Amino acid sequence: MSQVVQAPREAGRARYAVAAVFTVHGAVTGSFATRVPWIQDHAGVSAGQLGFALAFTAFGASCAMPLAGRITHRYGSRTALRGLLALWTLSLVLPALAPGLLTLCLAMFTYGATSGTADVAMNALGVEVERRLGRSIMSGLHGMWSAGALIGSAGGTLAAHLGTDARVHHALAAAVLTVLGLLACHWVLDLRPTEDEEPPPRFALPPRSALLIGAVGFCAVFAEGASLDWSAVYLRDQLETSAGLAAACTTGFMFTMAAARIAGDAVVNRFGAVRTVRAGGLLATLGGLSIVLAGNPAVAMAGFGLLGLGIAVVVPLCFAAAGHSGPNPSQAIAGVATITYTSGLVAPSLIGGVAQATSLMVSFAVVTVLAFGLVVFAGVLRTGGRRSAEVSARAAAVPDPRP
């Protein structure tokens with residue numbers, strides 16, 4: 001009996017611990033995103049060169065993400081996450097130190113590699129905690145990631161407003177976040193493989209059933225990645241705002257993402273995955289149009305807010321749908337995760353390339369078209385929506401393990 005009670009209590013503690021890990025991971029991203037204009041000026045690169053450097057983030061993540069499963073298998077989930085998260089938080093200092101294009105590319109490769117491996121490890125733990133609790137928590141965990149990104153971007157906004165050197169800002173942020181991350185990892189689940197369990201494969205193609213689901217996630221995460229790294233540059237270059245106001249735009253985008261994700265489970269349970277994503281796609285499309293047609297900073301900032309609100313819950317719903325799209329749920333989820341996260345990492349570089357050839361306004365017109373794709377293709381998430389309802393129904397009969 002004591003073991004039966006202890007298991008949900010342990011899962012309850014682990015839920016808060018992994019939520020804290022998501023928050024720390026997001027804070028690194030927010031801290032970096034608001035200082036991209038400073039990094040661009042310090043490295044002396046154009047918009048196209050900045051986009052090229054940001055592409056190394058995707059390259060680094062793609063190379064390193066397959067290693068996360070093997071690292072976890074060898075060292076256990078807690079030790080692996082502790083090390084991978086610390087590498088990610090410490091990598092924040094590298095981009096601001098880069099004096100030119102070559103060093104910036106190397107810094108972004110490391111930044112992407114550490115981000116991707118830590119991301120895989122913490123999401124795997126989140127899925128396991130959700131399984132043990134018997135109810136959906138992934139939207140809330142992603143909400144905590146957005147809350148962390150909001151905190152990080154708020155700090156970046158203040159630093160930009162005060163004219164603080166990004167090298168100093170990021171060194172301080174990295175030190176604080178590393179300590180917080182190590183503390184949070186102390187209470188996550190410590191999962192270890194059995195003696196006869198084979199190491200996970202280095203690479204596995206996603207099943208066909210996951211490709212359309214991944215395409216929906218691609219649209220949402222492309223818009224998210226583009227907005228995170230280019231919203232501040234957009235306001236500064238297109239609308240000639242101050243550095244502080246430009247950084248505040250990124251903060252506003254992160255705020256709407258965080259609020260929508262934290263409330264996401266309740267909305268999906270009431271309206272279903274398909275209707276939620278379609279409504280979100282309409283909001284995101286309206287936001288994209290507002291950005292493209294904006295004649296003043298207030299309209300553009302409102303547009304970024306709507307964009308964040310519209311795309312917020314799409315990725316957690318993609319994971320839910322993928323888990324029930326075929327005979328191998330883990331392979332499907334891994335495939336969708338690869339497609340969606342690679343989209344977010346590739347988006348900034350593609351936005352920069354389009355901006356170099358045309359303008360940032362055209363770049364965000366592309367984002368708007370992809371946002372409308374959520375309206376068109378939301379139906380492929382119908383399986384995930386039914387699953388969310390089933391998880392919620394089971395949760396009503398399960399006592400809350402939180403003390």
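**A cavity and its surroundings**

By class, the lining of the second largest cavity has five nonpolar, three polar and one charged residues; here Ala, Val, Leu, Ile, Met, Phe, Trp, Tyr, Cys and Pro count as nonpolar, Asp, Glu, Lys and Arg as charged, and the others, Gly among them, as polar. The model is predicted: local features need pLDDT of at least 70, side-chain atom pairs count only at pLDDT 80 or more, and totals for chains, interfaces and linings use all residues. Residues are numbered from 1 along each chain as its sequence is written, and side-chain values use heavy atoms, with hydrogens and water left out.

A cavity is a set of points on a 1 Å grid over the protein atoms alone where a 1.4 Å probe fits but cannot get out, and lining residues have an atom within 4 Å of a point. The second largest cavity has a volume of about 30 Å³, a volume being the space filled by probe spheres set on the points, which are joined across faces, edges and corners. Its lining consists of R82, L85, A86, T89, L177, T178, G181, L182 and C185. Two or more of these residues come from each of α4 (77–90) and α8 (166–185), helices being DSSP runs (H or I, at least four residues) numbered from the N terminus. The largest share, five residues, comes from α8.

Helix α8 also holds L180. L180 counts as partly exposed because its relative accessibility is 43%, where buried means under 20% relative accessible area, exposed over 50%, and partly exposed in between (1.4 Å probe, protein chains only).

Elsewhere, A258 lies in helix α10 (residues 243–262). A258 counts as buried because its relative accessibility is 5%.

Key
1 Å grid on protein atoms, 1.4 Å probe; cavity = no way out; pocket = protein on both sides within 12 Å on 5 of 7 lines; lining within 4 Å.
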